[in-house]
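Have the viewer open while you read.

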Amino acid sequence: MSTDVLTLADRLWRGEISTTTMHPVDHVGGFVEITDGVGFTPSFANVSAFATGDGLVLVDTGSLPLASVVHADIRRWSAAPLHTAVYSHGHIDHVFGVPVWEEEARERGWKTPEVIAHHALPARFDRYIFTAGYNTIINRRQFGFPDLNWPTTYRYPDRTYHEVLDLSVGDVDFTLRHEKGETDDHTVTWQASSRVLCCGDLFIWASPNAGNPQKVQRYPREWAQALRRMLTLEAEFLLPGHGLPVVGSDRVRQALTDTADLLDSLVDQTLAVMNAGGRLDDAVHSVRPPAELEERPYLRPVYDEPEFIVHTVWRQYGGWWDGNPATLKPARERALAGELAQLAGGAGVLAERAVELLARAIGAADDVAAEQDLRLAGHLAESAWLASPADAAVQRARQQVFAARAERATSTMARGVFNWAANESVREVDGDPGSPHGH
């Protein structure tokens, strides 16, 4: 398995296989010893392990469904007790493995492991508890897991720090540094003697998850700055929160530099539109990542998308209003859709036009024109459905349009939303109404 993981990583880097099929947010499984005393488990969220004279140090601990699998993979490498677990950040796919190790410690009479995280992380867990309903809905939508229920019990850290924490376990020294990027509670772990850098989700073999449409604020500029600080460490091994290891100082340098350059470009372009008095619509439809960066095998938009990062930049620096005076104090969506449908001659007319645009997009030779037709079809199909949610023909049109949009989507984010809408429409057709009033 060690050879397989590193071979896969090399082939991905070279573009011989693609992250569209070898998705970074997948469970690969197994274990690879990256260098002496340092192991790596490629999972839905990765776990890095360091052997010390006093026991293991883990950076991240895995997700709840795979915690026992990750534990078993590491146990085939080392029988040492877990001494310390470091949370790279508070997302639930990274922080649910500790109870498995604690149960083992109780059974064997070992000392309970210590958990370390940035001081902002407990507030994230608190927020997750009082927004559990919302997080259940949006993560079902994002990942297509209809039975997902957001957890309300968390293993909080025993110790937190603010900016930098120097940590020694046994005979091994670590430096933990706080960074902002995908979250406000990120920890980067540096082990200097092995030249191993654990970056959490600041690099994930995909376009940075800095624009997730359904989640809280991300920090693209600060993210780029964090990556540039990591460059100064001159790491030989980069162990990310998702995806496979990056091995070799040249590759690590390129991965970090390219990701920072991509983020800086998107921020700079969006701020230029804002500073010139443009609207969010102007930024969304004009800002583009440098083509040579977007084509990198490790920066493809397979999870998040650069377009969504534009929204994040706008929200961070300009607030929630998009610059359109009609949307400052808008009418209800259903009321507006009803007016448009009446002017058009009925919701069915909007739905028919949406299907026509869909057919034109499918037959188009020009990808740009096809994408614009698909976007228009989405608007018309949704307006028709909001105006007449019980109309079976409208429901079918909406299902067709958003199923097609999902099929063409490159990112997990977009595919999840479009599939949700398509499936919602099917439930309506099948006599199991969704909740258009809550749309």
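Leave out residues up to four places away in sequence, and Arg405 touches Glu371, Leu374, Arg375 and Phe418. This is a predicted model, so take every contact as computed from predicted coordinates. Arg405 itself sits in helix H15. Is Arg405 buried or exposed? Its relative accessibility is 13%, so Arg405 counts as buried, the cut-off being under 20%.

Two packed helices are described by the angle between their axes and the distance between the axes. Here, H14 (residues 367–387) and H15 (residues 392–408) pack at an angle of about 145 degrees, and their axes are 9 Å apart. The crossing of H14 and H15 is left-handed. On the H14 side, the contact is made by Ala370, Glu371, Leu374, Arg375, Ala377, Gly378, Ala381, Glu382, Ala384 and Trp385. H15 answers with Val394, Gln395, Arg398, Val401, Phe402, Arg405 and Arg408. Sorted by class, that contact has nine nonpolar, two polar and six charged residues.

| Helix | Residues | Number of residues | Span | Expected span at 1.5 Å a residue |
|---|---|---|---|---|
| H10 | 306–318 | 13 residues | 18 Å | 18 Å |

Which residues of H6 are buried? They are Pro220, Arg221, Trp223, Ala224, Ala226, Leu227 and Met230. Those buried residues of H6 pack against strand S9 (172–179), strand S10 (186–191), strand S11 (196–200), helix H7 (249–275) and H10. H10 has its own buried set, namely Pro306, Phe308, Ile309, Val310, Thr312, Val313 and Trp314. Just after H10, Gly319 takes a positive phi of about 90 degrees.

**The sheet**

Now for the strands. Seven of them form an open sheet, ordered S1-S2-S3-S4-S5-S6-S7, with mixed pairing. Why is one side of S1 and of S7 left without a neighbour in the sheet? S1 (32–35) and S7 (159–161) stand at the edges, and each has a single partner strand, so one side of each has no neighbour there. On average, neighbouring strands of this sheet are turned by 25 degrees against each other, direction ignored.

S3 (residues 47–52) and S4 (residues 55–59) run antiparallel and are joined by five bridges. The two make a hairpin with two residues between them. Within that pairing, Thr52 stands opposite Gly55, and Ala51 has Leu56 as its bridge partner. S4 also pairs with S5 (residues 82–86), this time in the parallel sense and over four bridges. In that pairing, Leu56 stands opposite Leu82 of S5.

How many residues of S4 are buried? Five of the five are, so S4 is largely enclosed by the rest of the structure.

Technical notes. Residues are numbered from 1 along each chain as its sequence is written. This is a predicted model: local features need pLDDT of at least 70, side-chain atom pairs count only at pLDDT 80 or more; totals for chains, interfaces and linings use all residues. Side-chain values use heavy atoms; hydrogens and water are left out. Axes are lines fitted to C-alpha atoms, for helices over the stretch in contact, and angles run from 0 to 180 degrees between N-to-C directions. A crossing is left-handed if the near helix is turned anticlockwise from the far one by less than a right angle, and right-handed if clockwise. Contact means heavy atoms within 4.5 Å. Ala, Val, Leu, Ile, Met, Phe, Trp, Tyr, Cys and Pro count as nonpolar, Asp, Glu, Lys and Arg as charged, and the others, Gly among them, as polar. The expected span of a helix is 1.5 Å times one less than its number of residues. Buried means under 20% relative accessible area, exposed over 50%, partly exposed in between (1.4 Å probe, protein chains only). Two strands pair if DSSP finds at least two bridges between them.
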